[in-house]
Amino acid sequence: MKTEEWKKRIDNPEEYTTALYQRTDELYQVPDSVPDENGMITCPAMIMRDIVVFPRMVSPIFVVPGPNLDAINYVQKENQTMIALMLKDSDIENPTHDDFLEVGVEIAVGRLLSLQDGNGSALVQGRSRVKIIEIIEKDDFWWVKGQVIEEDETSNRQTEALMRTSRDLFERCVQLDRTLPDEAHLFSINITEPGWLADMIATAVSLPYDERLELLTILDPKERLKKVNWLLAQELDVLQLEDEIQTRVQSEVDRSQREFYLREQLKAIQNELGEGDVWSRELVELKAKVDAKKMPEEAKTQANKEIERLNQMPAMAPEVAILRTYIDWLLDLPWEDATEDNLDVLHASKVLDENHFGLGKAKDRILEYIAVKSLKPKTDRQPILCFAGPPGTGKTSLGKSIAAALGRNFVRLSLGGVRDEAEIRGHRRTYIGALPGRIIQTMKRAGSINPLFMLDEIDKLGSDFRGDPSSALLEVLDPEQNFSFSDHYLELPYDLSKVMFVTTANNLGNIPPALLDRMEVIEFPGYIEEEKLEISRRFLIPRQLEESGLEPDELQFDEVALRKVIREYTYEAGVRNLEREIGQLCRKTARLKAEKKRFTKTLSMAAIEKFLGPPQFFFAEAEREDEVGVATAIAWTENGGDIMPIEVLVMEGKGSLQITGQVGEVMQESAQAALSYMKSRVDPLGIDPEIFEDIDIHIHVPEGAIPKDGPSAGITIATALISAFTERPVRKEVSMTGEITLRGNVLPIGGVREKILAAHRAGLKTVILPEKNAKDLVEVPKKVREDLKIIFVRHMDEVIDIALAPALENGNRFLKRIEEKSKKVRKDEK
Ligand code: ADP
C-alpha cells in the first residue's frame, strides 16, 4: 500500500535500506523458473496494488489473507518463483485479466513474517520482466504464463553518458531528500547496466504509481533511463523548492531563537549591572499604579496588556518610550474621578453675582440648570450652552464662575483655526510622535471626568482636505454618543457624558447648523456706557488696583474720568480694552508710587492724557456738519455693532455705477436696487431723468480693508444717493438700517440690539428702523431707549423726510451745470 510504504520509508529509513539493498540469502536460494521449449514460464500469480517491483530490486510487501497469501505459501513449499501482476488502476476491487499491465515481473519471495492481525509481510526480489501471455484461474490462486524478457545489458557511449547524468541527478536527490540514505548513491555508482540503474532509481525515488508502471513497460534500457532522467529532474525541482522553504523556515526559527538567547543574556547582564532590577522595579510600580487607578475594566486590561508587552522588551528598545507614554496617558486621564457638584442655588447665585454685573439671562439659565439638577440628580442630558456675543462681554469669565459655583474644575479649549479632524481625535499610535486629540488632552488637564469644559470660538472652526473637525465635535456634543467618545490614539472609548460643555462664539452664523442645533444659545449683548461704568467700578478697577499693588484709596476714578476713558480710549462692545486701559493707569500710578514721586489720588483729565496718550476715538463723531451724499448706516459686526458711513459721489460720465470698499455681492445688489428705486421716483424727488446718461455714480463704503455684506445698508445707500442727486444734506445725527425693495418698501433686518447699542455708543441721536423690527426693542436697555430717538418706518419716503434736510440755498451747483450742459448738447443735436 502506498501510504504504508511511505510511512515505512519515512519512519525508519535504516530498516528500509536494509530491506532494499541487503541481498538476503534466502531470496537468492530460490531458483529462477526454467522456461519451456517456447521460452515460457508458468508460475503462481501475485497481484500487486500500488507497489511495483522492478527486476533485481528488493521491496517489502504486505499480504492480506487470500489468494496472494495462499500462493506465497505454495511457492515457499515448492521453492519456486512467482509472477507479480501489476494492476493498471490500483482502485479496482475485483480485477479481470484486462486490468493487469501486459508486463509482469518474475519474483522470489522471502520468509513470510506473520503479523498479529493475521496479515503477513515479506521481502520480494524481482528477477526479470515477463511478458504476460495467459492468466489461468485456479481454485486457490491464479497462475500466469509468461515469456521471460532478456534485457540488453551492454552499454555504449550514449548509455554511459545517460547513466552519468542519472547518477548526478540521483546524487543531488539523495542530498536533498532526507528519506533517502546516503548509501543509495553509492549503490547507484556500482551498477553498470543501464536498465538496472533505471530500475534501481525508479525503486528508490518516490514516484507516482503510474510513472512506475510506465517505467516497467519500457523495455529498451536506454529509453527507460531517459525517462528516469526526466522524472529525476522534475523531482529535483520539487525537492529544491521544499529545501528552500525548509531553509527559510529554519532560519526564521533560528533568528527568533537567537534573539531569545540574546535577550536572556541581556537580561542577565542588566541584572549583573543592577539595571534589570531598576527596570523590573519600574514595571512593578507601573503595574501597581494601574491596579490602584480608578478606571474601567477595559482600560485596565489594555494598560496591563501594554505593561506585559513592555516586560517582554529590553529596557533599551526604541518602542519602550512609545509604550510608556501610552500607559502614562491611560494613567493620567481621569476615567472615573469626579468632583461633587454643589447644587445649592442660593450659593451659586451669590457666586455669580459676586463676579459679574448684569448678564441676567445667562445667570438665570445657569441657576435653572442647577435647580433642576438638585431636584432630579439623574438628569442624563447635560444642556450644551452656547454663549454668543462680541469679545470681552464676559463669556469666558462667566464660564469660570459657573464652574466655581458648581464646584467643578474648569478647562478651556480654543477651537479657532482647528482644521484637522486629527486635532480633535488624535493620531493613531502607529504614527511617530502621535498624541491624543485636544479633547482628551484637555480632559487630562481637567483631572476629573465632570469638568466644565469651555469650547471657545466654535464659530472659528475650519475645515479642509484633512477632514472636517466639526463632525468629530458633533460626537463630542451628542449625548447619545459622547459616553463613548473615540480617540484614535487612546483606542478606548472615553466617557464625556458627565462633562458640562459650554461653547462660545462671536458669530452664530458661522457655526455649522448641525452643531448649532445641539446647543442652547444665550446671547451676550454688548454693554452700554452705564453698564461699563458699573462693571469698572465694581470689578475692573478694584482688580487692577490690586494687581498693581495699590491700595483702594490710592487711585480714584471719578465718573467724568471713567467716561473719558470709555469714550475716548476704547470703542468696543465688551470691556476688555477698557480693563487694559484701567490697568495701564494703575500701573503708571504704581510706578510713581514706587519711585516715591508725587501722584494725585484722583485721576484728572490731564493725568489720563499723560498716561494713555492722546485720545484714540472721538465720541459723537456725528458732531460733524450735515453733508450731501454721506449717510450713516449701522451695521452688525462680530465685535458688536458699528457705525458705517456710506458715501456717494456723482461726476460727469457715461451712466456707470461703481461700488468700492470690499463690498459683498448682496450689498452690491442692494445698491442696484436703491438706484433703481431712485430712478423710478425722479418726479416726486425733483431729479432730471435725463441726467443719468451723463454722469457716473461712485458708491464707497470706507474702511475698505474690512469685508462688508448684507442687505441692511439698503435704505442708507438710497438715502446717500437721493441726497447726492437732490443736493439735500443728510442730517448728521441720524443713523439707519433696513433693507430696501424696488418699490421703496423697508424690510426688517437682524442684529437690532447690537446696532442700536452701536449708535448709542457713537453718540448718534436718531435711529431709523424698519417697522417690523419694533418687537426687537424689548432687548434694548431702557437707558438707551430713552437716550435715542428711535423711529420706525415702512417706506423709503418716510426715511427721506426724516434723514434729509432741505436743499442748500447756495450749495454745489454741479448737477445743475451738468444738467444745463446736457440740455444744450441735446438741443444742438436736434
Ligand atoms: P469674552 O470671553 O466674552 O471675550 P471675558 O470673559 O474674557 O470675555 O471678559 C473680559 C473681561 O471682562 C474679564 O476680565 C471679565 O471679568 C470682564 N467682564 C466682562 N463682563 C463682565 C461683567 N458683566 N461683570 C464683571 N466683569 C466682566
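Is K596 buried or exposed? K596 is exposed, because its relative accessible area is 74%, where exposed means over 50%, buried under 20% and partly exposed in between (1.4 Å probe, protein chains only).

## Basis of the model

This is a predicted model, in which local features need pLDDT of at least 70 and side-chain atom pairs count only at pLDDT 80 or more, while totals for chains, interfaces and linings use all residues. Residues are numbered from 1 along each chain as its sequence is written, and side-chain values use heavy atoms, with hydrogens and water left out.

## Ligand site

The ligand has 18 residues around it, and F357, K395, T396, S397 and R576 come nearest; a residue is near the ligand if one of its heavy atoms lies within 4 Å of it. Helices α15 (395–406), α20 (529–548) and α22 (576–594) each supply at least two residues of this shell. Helices (H or I, at least four residues) and strands (E, at least two) are DSSP runs, numbered from the N terminus.

Polar contacts are pairs of N or O atoms within 3.5 Å; within protein, one atom must be able to donate a hydrogen and the other to accept it, and residues adjacent in sequence count only if both atoms are side-chain atoms. A polar side-chain atom of R576 is 2.3 Å from an oxygen atom of the ligand, and for a polar side-chain atom of R543 the distance to a ligand oxygen is 2.8 Å. A polar backbone atom of G394 lies 3.2 Å from an oxygen atom of the ligand. On its own the ligand has 550 Å² of accessible area, of which the protein covers 90%; such areas come from the Shrake-Rupley method with a 1.4 Å probe, and for residues only the protein chains shown count as cover.

R537 also lies in helix α20. R537 is partly exposed, with a relative accessible area of 37%. It touches P542, E559 and L562, leaving out residues up to four places away in sequence; contact means heavy atoms within 4.5 Å. Between the C-alpha atoms of R537 and A631, which are 94 residues apart along the chain, the separation is 36 Å.

## Nonpolar cores

A nonpolar core is a set of buried Ala, Val, Leu, Ile, Met, Phe, Trp, Tyr and Cys residues joined through side-chain atoms within 4.5 Å. The largest one has 68 residues, of which M46, I61, M86, I107, F170 and M200 touch the most other members. Helix α7 (residues 194–204) gives the largest share of this core, 7 residues. A second, separate core has 52 residues, including V290, W329, W335 and L461. In soluble globular proteins, nonpolar side chains tend to be buried together.

Residues up to four places away in sequence aside, I61 touches M46, M48, I51, I72, G120, S121, A122 and V124. S188, in helix α6 (residues 183–189), touches R167, F170, L197 and M200 by the same exclusion of residues up to four places away. S188 counts as buried because its relative accessibility is 0%. A polar atom of the S188 side chain lies 2.5 Å from the backbone oxygen of H185.

## Helices

Helix α24 (residues 665–680) has 16 residues, so at 1.5 Å a residue it should span 22 Å, and its end C-alpha atoms are 23 Å apart, which agrees. The expected span is 1.5 Å times one less than the number of residues. Buried residues of α24 include M667, L675, Y677 and M678.

Helix α12 (residues 319–332), with 14 residues, reaches 20 Å from its first C-alpha to its last, close to the 20 Å expected at 1.5 Å a residue. Among the buried residues of α12 are R324, Y326 and W329. K227 lies in helix α9 (residues 221–273) and is buried, with a relative accessible area of 18%. Beyond residues up to four places away in sequence, K227 touches E211, E214, L215 and I218.

## Loops with positive phi

Most residues other than glycine have a negative phi. K596, in the loop between α22 and α23 (605–612), has a positive phi near 60 degrees. E491 is not a glycine either, and its phi is positive, about 65 degrees. The loop that holds E491 runs between β11 (485–486) and β12 (493–494). E491 is partly exposed, with a relative accessible area of 43%.
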